[in-house]
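Okay, thanks for coming, everyone.

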Amino acid sequence: MSRASQTRHWLTGAAFATACATMTPANAAVIVDAMGDTYAQPVHAGWDGRSNDLISILNRGWTDPVTQQVTPLTRPDGSPLVIGDVLLGQNPITSDQTSIQRFHVTESPATFTLTYFEGHAGYSNTFGFYTYDTLNEPSAPPTNRTGLLTHHVNAQGTQATFTIDAGQTFGFYLDADGHKNSKGLYFSENRFNSDNTVAGFATDHFLILETNVGLLLAVEDLPYNPSTGLMGDQDYNDMILGLLTLSGGTPIPIDPPPTNPVPEPASVALLAIGTYLIAGGRRSRKPRK
């Protein structure tokens, strides 16, 4: 079971980290799960060019729409984010992508707040979450979906709060142009994506980055294109959202990546390699079998 609500908050930059998190019982536990994902996705500039590509958006920081105060977005230690932007020469293998696909809630209910950061898409995309019983894992895309935020409808800074009960697993989905006429559903759990049948491998429409203000989600809203080998334009700037949780604004704990990761050859063209070991493990890089 889950509960969701939506409110609009105009955040000051300095308050971004704490205001995006609601109180959660101290004994609640949230376990991140990469499900064996071994890829870090190359990020490309989209149709609207370099000014609105993902790295440029993140480099602008979080801007309060009223005061224009900016909070820089960095790694948790304050160093610059690396997202795997191929046009800037960033190697996806050494990027800060976490490969998280889903979250398990244990012990007691956990409350989360999702903040709409920015979006650059023609579609009126709907973003939300889905849940299922952790001990009864579905083999088909979950139907228990709850919409939270919609591009072209909700303004920058809009927040949506939701609570997940203990014993439940949740992930995120994007309904491409779902506010008008759905063009396709994409899930944070790659196995549920319908364009896998075209690609021949698990397509990854969600990037989840660990930042100084919590987890940041960046989503691609177009399907895999076999003629280009990309998911749409693979710019991941169609909807960008921040997810923060735990008491006092503390982000979901994730161990830092190992230093000096060793790159290895990719097994699929245009896709680089990366993995994250689940349940408090550390990220490592190795090819998918």
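Let's start with a question: is Asp 177 buried or exposed? Asp 177 is buried, at 7% relative accessible area; buried here is under 20%, exposed is over 50%, and partly exposed lies in between, with a 1.4 Å probe and protein chains only. Its side chain meets that of Lys 183 in a salt bridge, 2.6 Å from N to O, and Lys 183 is partly exposed at 42%.

Quick housekeeping. This is a predicted model, so local features need pLDDT of at least 70 and side-chain atom pairs pLDDT 80 or more, while totals for chains, interfaces and linings use all residues. Residues are numbered from 1 along each chain as its sequence is written, and side-chain values use heavy atoms, with hydrogens and water left out.

By salt bridge I mean a side-chain nitrogen of Lys or Arg within 4 Å of a carboxyl oxygen of Asp or Glu. The whole structure has 7 of them.

Next up, Arg 75 and Asp 96, with the closest N and O atoms 2.9 Å apart. Both sit in the loop between β5 and β6, 21 residues apart; strands are DSSP E runs of at least two residues, helices H or I runs of at least four, numbered from the N terminus. Asp 96 is buried at 5%, whereas Arg 75 is partly exposed at 25%.

Then there's Glu 137 with Arg 191, at 3.4 Å. They are 54 residues apart, with Glu 137 between β8 and β9, and Arg 191 between β12 and α3.
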